[in-house]
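Student: I would like to learn how to read a sheet, an interface and a single residue in a model of this kind. Could we take them in that order?

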Protein chains: 2
Amino acid sequence: MKELEEKILKEGKILPGNVLLVGSFLNQQVDVALLRNMAKEVKRLFPQEITKIVTVEASGIAFATAVALELDVPFVFAKKSKASNLSGAIYSAEVYSFTHEKQYKIFINEDYLKPTDKVLILDDFLAKGEAIRGLIALIEQSGATLVGAAVEIEKVFQNGGNSLRAEGYDVKALASITDMTDSTIKFN
Amino acid sequence: MKELEEKILKEGKILPGNVLLVGSFLNQQVDVALLRNMAKEVKRLFPQEITKIVTVEASGIAFATAVALELDVPFVFAKKSKASNLSGAIYSAEVYSFTHEKQYKIFINEDYLKPTDKVLILDDFLAKGEAIRGLIALIEQSGATLVGAAVEIEKVFQNGGNSLRAEGYDVKALASITDMTDSTIKFN
């Protein structure tokens, strides 16, 4: 998606450890015109029937909200802590975050994912694919049908997306970064 | 807002410690038709010029996204941890969460709040007002103008909202719960 690629080139900042900062327009401050266009693009990329959107807190929620409003379907976000406001039977999975260098659990209340659901996973970044694998595990536990996954930015060189595609998952990115150095970002 | 009150009466669940569970439609699974109408209602309640929306991760993000899309202004969410993807100079404030019984810090990158900004704070719940006070502190540090705060649900009996109003802040709720027991929820 050209508009997103141009924004990344203009405002993205690269830090050591393959970290791409997009806080000025994507995941701390959010540019709503871009967000609206990204939601429309996801709708175009996934014309299949979708009954529910699933993401993981916190930085995926803005994207999920915009796409859910565009598709007019409910969305659910997996929580990272089993807080007092998460009750009843739950699905859970383990996720390792390379960004934060720690293992965490994600949870979704069983009431919010049903075997009849056709689910699209959304997230902001796809690097090694750990968060998406965690969400896939929750969806498989529920018996729902996984339609696919859409991410704002895929860091292709970290192989998570290609490894998921090799297993048959329909994973699409709005911007696919093939190479990232101190001074350049390349898209495919 | 009648639609939200009816949804709370129909699907809300009360737990000990004044916890109201609204996970089925508001803060784990999100009903987008209701969300869209809440965003329109915020626009009606705050007709003043607003240049930026500020909230705190994670459960305020869906509401903030919908309102930002409706008002067509950027939004910023304060983060609860100073992760590797939050760089540069930051504003920070302390917040005590009664729900989770712990103190935490919230952060916003200085680039995302400017003295020229006219800011509306959004959050899902207002109980004792701690999260909103933390966000007010960040906004004051930036020199931006605070227009007011809108929340989805205020638990009036926990006094955070009235205490903020007594200090002159323009705080509005889409549903104001005056009393909550095991079996009944009353609105004003």
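Tutor: Strands of a sheet pair through backbone hydrogen bonds, either parallel or antiparallel. In this predicted model, an open sheet of seven strands with mixed pairing runs in the order β11(A)-β10(A)-β9(A)-β8(A)-β4(A)-β5(A)-β3(B).

Student: Which strands stand at the edges of that sheet?

Tutor: The edges are taken by β11 (185–187) of chain A and by β3 of chain B; each has a single partner strand, so one side of each is left without a neighbour in the sheet.

Student: In which sense do β4 and β8 of chain A pair, parallel or antiparallel?

Tutor: Strand β4 (residues 52–56) and strand β8 (residues 118–126) of chain A are paired in the parallel sense, over three bridges, and within this pairing A:V54 stands opposite A:I121 in β8(A).

Student: How should I describe the interface of the two chains?

Tutor: The size of an interface is often given as the accessible area lost when the parts come together. Between chain B and chain A about 3400 Å² is buried, and carbon and sulfur atoms give 59% of that area, while in terms of residues, 40 of chain B are in contact with 40 of chain A.

Student: How many salt bridges and polar contacts are found between the chains?

Tutor: The count of salt bridges between chain B and chain A is two; one of them joins B:R36 to A:D72, whose closest N and O atoms are 3.4 Å apart. Across the interface, 16 residue pairs are in polar contact. On the side of chain B that touches chain A, the elements giving two or more residues include α3 (32–45) and β7 (102–109), but the largest share, six residues, comes from α4(B). By class, that side of chain B has 22 nonpolar, 13 polar and five charged residues.

How values were computed. Residues are numbered from 1 along each chain as its sequence is written. Chains are lettered from A and ligands numbered from 1 in the order in which they are written. This is a predicted model: local features need pLDDT of at least 70, side-chain atom pairs count only at pLDDT 80 or more; totals for chains, interfaces and linings use all residues. Side-chain values use heavy atoms; hydrogens and water are left out. Contact means heavy atoms within 4.5 Å. Buried area is the accessible area (1.4 Å probe) that two parts lose on being put together, summed over both. A salt bridge is a side-chain nitrogen of Lys or Arg within 4 Å of a carboxyl oxygen of Asp or Glu. A polar contact is a pair of N or O atoms within 3.5 Å; within protein, one must be able to donate a hydrogen and the other to accept it, and residues adjacent in sequence count only if both atoms are side-chain atoms. Helices (H or I, at least four residues) and strands (E, at least two) are DSSP runs, numbered from the N terminus. Ala, Val, Leu, Ile, Met, Phe, Trp, Tyr, Cys and Pro count as nonpolar, Asp, Glu, Lys and Arg as charged, and the others, Gly among them, as polar. Two strands pair if DSSP finds at least two bridges between them.
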